[in-house]
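This report describes selected local features of a single structure.

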Amino acid sequence: MKALRCSVSALLQRVNNKGKASASVVQTAHLHSKHLHSQLKMPEINMDDLDEKQVQLLAEMCIVIDENDRKTGADSKKNCHLNSNIQKGLLHRAFSVFLFNNEEKLLLQQRSNAKITFPGCFTNTCCSHPLHMASELEERDALGVRRAAQRRLQAELGIPTEQVPPEEMTYLTRIHYKAQSDGVWGEHEIDYILFMQKDVDLNPDPNEIQSHCYVSKEELREILEKAERKELEITPWFRLIAQKFLFQWWDNLHNLKQFVDHQRIHRM
């Protein structure tokens with residue numbers, strides 16, 4: 001079974017027919033931490049109703065950082081996404097990929113309802129985390145982050161790794177944001193923004209993605225307007241990036257060097 005590929009018009013029509021695209025808000029994962037946050041007391045979380053595959057992914061070790069993106073240790077994906085820890089300052093490294101085809105259309109995905117945070121929400125091409133492993137800890141030119149993006153583009157969208165080599169990804173800048181998904185789960189990330197333009201082969205994993213489509217600027221503006229009217233849901237990081245940066249970058253897809261800023265972290 002493959003994730004549904006839909007045209008933008010079909011996507012918007014489906015939203016109109018069904019009303020607000022509801023995300024099954026998944027209610028609420030214990031590994032011993034390797035860093036200073038290990039002293040935080042982990043609340044008891046009922047995971048009986050969560051998707052088995054997504055629960056397994058909660059054991060992955062994320063890169064824990066300070067507010068200046070300096071590595072301070074590692075902790076499980078579960079612990080990094082609990083609001084109770086986020087409120088105490090737990091922060092991890094992440095990335096957001098924006099993949100455009102040769103017609104300059106942006107690939108969007110709708111997160112599956114199995115996802116722990118922001119299920120059912122529409123978002124940019126791929127959003128995930130580098131892991132606390134040697135290959136993805138490499139900070140020179142954000143190489144570790146770009147390797148992680150290659151890995152997740154294959155895992156989520158089925159894109160062959162040879163079609164998305166790290167050296168073809170443009171690392172633009174970083175944003176720091178915080179957002180609650182529900183009463184238990186949330187996000188607190190410094191998010192590396194990666195751009196790439198290429199025609200690729202897609203074979204999405206339905207456990208990760210329930211639908212996907214390429215959109216023009218005008219079509220994305222229509223989606224954002226529908227999100228403002230609460231006719232569909234988009235992820236908070238995608239909303240922030242779209243509102244502040246995306247269209248200017250998109251207008252200059254072949255001249256992105258002017259926007260490369262590896263010094264600043266945009267606090268959003």
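A residue is called buried when its relative accessible area is under 20%, and exposed when that area is over 50%. The model discussed here is predicted.

**Helix H8.** By this cut-off, the buried residues of H8 are Pro236, Trp237, Phe238, Ile241, Ala242, Phe245, Leu246, Phe247, Trp249 and Trp250. Helix H8 comprises 16 residues, 236-251.

**The loop between H5 and H6.** Most residues other than glycine have a negative phi. Asp141, in the loop between helix H5 (134-137) and helix H6 (143-157), has a positive phi near 55°. Ala142 lies in the loop between H5 and H6, and its phi is likewise positive, at about 55°, although Ala142 is not a glycine. As to accessibility, Asp141 counts as exposed because its relative value is 52%, whereas Ala142 is buried at 5%.

| Residue | Phi | Relative accessibility |
|---|---|---|
| Asp141 | near 55° | 52% |
| Ala142 | about 55° | 5% |

**Lys115.** The loop between strand S5 (106-111) and strand S6 (122-123) contains Lys115. With a relative accessibility of 6%, Lys115 counts as buried. What does the side chain of Lys115 make a polar contact with? The partner is the side chain of Glu208, at 2.6 Å.

Key:
Residues are numbered from 1 along each chain as its sequence is written. This is a predicted model: local features need pLDDT of at least 70, side-chain atom pairs count only at pLDDT 80 or more; totals for chains, interfaces and linings use all residues. Side-chain values use heavy atoms; hydrogens and water are left out. Helices (H or I, at least four residues) and strands (E, at least two) are DSSP runs, numbered from the N terminus. Buried means under 20% relative accessible area, exposed over 50%, partly exposed in between (1.4 Å probe, protein chains only). A polar contact is a pair of N or O atoms within 3.5 Å; within protein, one must be able to donate a hydrogen and the other to accept it, and residues adjacent in sequence count only if both atoms are side-chain atoms. The expected span of a helix is 1.5 Å times one less than its number of residues.
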